[in-house]
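Subject: Handover of a structure and the findings

Dear colleague,

Please find the structure below, together with its sequence. I would be grateful if you kept it open while reading the notes that follow.

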Amino acid sequence: MTDDSELSAVEALARLSFAIGARLEIRSAEVGLSVQQVRLLGILRDREPTINELAAHLGVDKSSMSGAVARAERRGLVSRTTDTHDGRAVRVHLETAGRALVDAASTRFADDARVLLDALSERQRAQWTMLTTRLLAAGAKADW
């Protein structure tokens, strides 16, 4: 293994991704959810998308998303409502119990992220945020 100062950009990105993924798994499991369930509930915090919109956002097929929503619904974490503009469409709503779980996992993960970010000065954090935002935009543009 190389010293951290010798990591290439690709190696550093991969290691950071693995570390973040591991923390997300831990924090999700602590509240009885999978990472996929936390992602699903997190999306629902500020919107009520259709199953198709959720599937597209999470990069899964409609049947997989329907199953995930059904499982969350059985646990009382989400509910389905009829779209007011299109009676054929169903929207997914985050219930209070789901919000409590995703908020708990998010708060714990934010505490973990702060530990990492505290290693940077305020200026470095601003630079890191700007560069990361640029990378995410490039990935979105490339349909990553």
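The arc is that of the directions from the helix axis to the C-beta atoms. An α-helix has 3.6 residues a turn, so residues three or four places apart point the same way.

Before going further, please note that this is a predicted model, in which local features need pLDDT of at least 70 and side-chain atom pairs count only at pLDDT 80 or more, while totals for chains, interfaces and linings use all residues. Residues are numbered from 1 along each chain as its sequence is written, and side-chain values use heavy atoms, with hydrogens and water left out.

The rest of helix α5

Helix α5 has 22 residues and reaches 30 Å from its first C-alpha to its last, close to the 32 Å expected at 1.5 Å a residue. That expected span is 1.5 Å times one less than the number of residues in the helix.

The overall arrangement

The protein has 6 helices and 2 strands, and along the sequence they follow the pattern α-α-α-α-β-β-α-α. Helices (H or I, at least four residues) and strands (E, at least two) are DSSP runs, numbered from the N terminus. Taken along the principal axes, the C-alpha atoms fill a box of roughly 55 × 35 × 30 Å. Of the 144 residues in the protein, 24% are buried. Among contacts (heavy atoms within 4.5 Å) between residues at least 6 apart in sequence, 46% join residues at least 24 apart.

The nonpolar core

In soluble globular proteins, nonpolar side chains tend to be buried together. A nonpolar core is a set of buried Ala, Val, Leu, Ile, Met, Phe, Trp, Tyr and Cys residues joined through side-chain atoms within 4.5 Å. Which members of the largest core touch the most other members? Of its 21 residues, they are L40, L54, M65, V69 and V78. The elements that give two or more residues to this core are α2 (35–43), α3 (51–58), α4 (62–74), β2 (90–94) and α5 (96–117).

M65 shows how such residues meet. Leaving aside its neighbours within four places in sequence, M65 is in contact with Q36, L40, I51, L54, A55, L58 and V60. Of these, I51, L54, A55 and L58 are buried residues of α3. Seen down the axis of α3, its buried residues fall within an arc of 100°, so they line one face of the helix. They pack against α2, α4 and β2. Just after α3, G59 takes a positive phi of about 70°.

In α2, the buried residues are V38, L40, L41, G42 and I43. Their packing partners are α1, α3, α4, β1 (78–82), β2 and α5.

S28 is in helix α1 and is buried, with a relative accessible area of 2%. Not counting residues up to four places away in sequence, S28 touches L33, S34, V35 and V38. E30 is also placed in α1, but at 40% relative accessibility E30 counts as partly exposed. E30 and L101 are 71 residues apart in sequence and 9.6 Å apart in space, C-alpha to C-alpha.

R88 lies in the loop between β1 and β2 and, at 74% relative accessibility, counts as exposed. R88 and A105 are 17 residues apart in sequence and 33 Å apart in space, C-alpha to C-alpha.

Helix α1 and the lining of the largest pocket

Helix α1 gives 11 residues to the lining of the largest pocket, the largest share.

Yours sincerely

Conventions. Buried means under 20% relative accessible area, exposed over 50%, partly exposed in between (1.4 Å probe, protein chains only).
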